[in-house]
Amino acid sequence: MSVSAGFDARRFKAMERAGFNRIAARYAEGAHLRADLAAALLDAAELAPGQHVLDLASGPGLLARDAAARVTPGGWVLASDIAEGMLAEGARRAAVEDRTEALAFTAADAEHLCLPDASFDRVLAGLALFMSPHPPLALAEMRRVLRPGGRIALSVWGPREAVPLLACAQDCIARLLPPPKVARPSVFRFGDAATLTAALTEAGFSDVRIAPCPFRCHFPDADSYWQAFLDLAGGAAEALSRLPGATQDALRAAVAADLESHRSADGGYAVDALALVASARA
Ligand SMILES: C[S@@+](CC[C@H](N)C(=O)[O-])C[C@H]1O[C@@H](n2cnc3c(N)ncnc32)[C@H](O)[C@@H]1O
């Protein structure tokens, strides 16, 4: 899947890394909104005691933490991410919760893993593949580190129209701010099952299984929705933090207006999202 002309992958990754470092603690706090998606991914991975698991682009390692409970005794999980602040947050939380057994953290770019071939039984990649400037590279690395017959389990956002959780905020940003000089890859680019299946198959995976995972997020007010968006989208959070306060206020107001169509009976907002959960054999 190609990226637009002038796209600078190194700059893009640096921006995402800075953004996810910025939001690490808040990302972990907001993860309860996506608990059903995390559970679906872990189920799709078919984890069992004794397995060795790599959680790629792990963020604060919440999937890794829960996977560790499923692969012990005998197994272990390595959580890895490009944003070291995410890993520090994950390690801090695991220590506080006394859940460090069978769980380790290491910094890594998903497209260039310093890990041996055929060293894992499972690779997890929650909401991550679309972050990669070169998804075939990332998928090739995932397959390389899996033992033959091992499985990948990943989640991606569904089609844009099914994910107002992100699209509502993105639409306001697109309306109020000048277009970026260089287009960023869309987070919805694997949003239909055929595209995702093709990417996995072309990377050499077989037995591809894909299931939709719809979920709904509840927010007491529009500011909570906007904050949840900023706590989820590292690169956007980083870029928006550099804008003048008045522009940020205007965005907040536009989001509040657009969100009206998602009003719920309790006076808050109910905003839908759809993700795809895929698993496949190496
Ligand atoms: C939306 S978060 C997903 C976190 C977690 N997997 C989950 O399911 O909640 C995306 C994560 O990908 C990481 N990331 C972005 N680009 C990456 C890359 N090239 N290599 C490794 N991690 C990357 C970010 O730092 C961030 O923690």
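This is a predicted model: local features need pLDDT of at least 70, side-chain atom pairs count only at pLDDT 80 or more; totals for chains, interfaces and linings use all residues.

Colleague: Which residues of H4 are the buried ones?

Modeller: They are Leu62, Leu63, Ala64, Arg65, Ala67, Ala68 and Val71.

Colleague: How far apart are alanine 69 and glutamate 101 in space?

Modeller: Their C-alpha atoms are 8.7 Å apart, although 32 residues separate the two in sequence.

Colleague: What does alanine 67 touch, leaving aside residues up to four places away in sequence?

Modeller: Alanine 67 touches Leu42, Leu47, Val53, Asp55, Val77 and Leu124. In the largest nonpolar core, which has 88 residues, Ala67 is among those that touch the most other members, as are Val77 and Leu124. Strand S7 gives the most to this core, with eight residues.

Colleague: In what order do the strands of the open sheet run?

Modeller: The seven strands follow the order S3-S2-S1-S4-S5-S7-S6, and their pairing is mixed.

Colleague: What makes S3 and S6 edge strands?

Modeller: Strand S3 (103-107) and strand S6 (206-219) each pair on one side only. On average, neighbouring strands of the sheet are turned by 20° against each other, direction ignored.

Colleague: How do you know that S6 and S7 pair?

Modeller: Pairing needs at least two bridges, and twelve join S6 to S7, so the two strands pair; they run antiparallel. Within S7, alanine 270 stands opposite histidine 218.

Colleague: Which strands does H4 touch where it packs on the sheet?

Modeller: H4 touches S1, S2, S3 and S4, and its direction makes about 165° with that of S2. Helix H5 (residues 84-96) also packs on the sheet, touching S2 and S3.

Colleague: Finally, how many residues surround the ligand, and of which classes?

Modeller: There are 20 in the shell, the closest being Phe20, Ala57, Gly59, Ala110 and Gly126. Ten are nonpolar, five polar and five charged. Helix H1 (residues 9-22) supplies the largest share, three residues.

Technical notes: Residues are numbered from 1 along each chain as its sequence is written. A residue is near a molecule or strand if its C-beta atom, placed from the backbone, lies within 6 Å of it. Helices (H or I, at least four residues) and strands (E, at least two) are DSSP runs, numbered from the N terminus. Ala, Val, Leu, Ile, Met, Phe, Trp, Tyr, Cys and Pro count as nonpolar, Asp, Glu, Lys and Arg as charged, and the others, Gly among them, as polar. A residue is buried if 20 or more other C-beta atoms lie within 10 Å of its own, exposed if 12 or fewer, and partly exposed in between; C-beta atoms are placed from the backbone. Axes are lines fitted to C-alpha atoms, for helices over the stretch in contact, and angles run from 0 to 180 degrees between N-to-C directions. Two residues are in contact if their C-beta atoms, placed from the backbone, lie within 7 Å. A nonpolar core is a set of buried Ala, Val, Leu, Ile, Met, Phe, Trp, Tyr and Cys residues joined through C-beta atoms within 7 Å.
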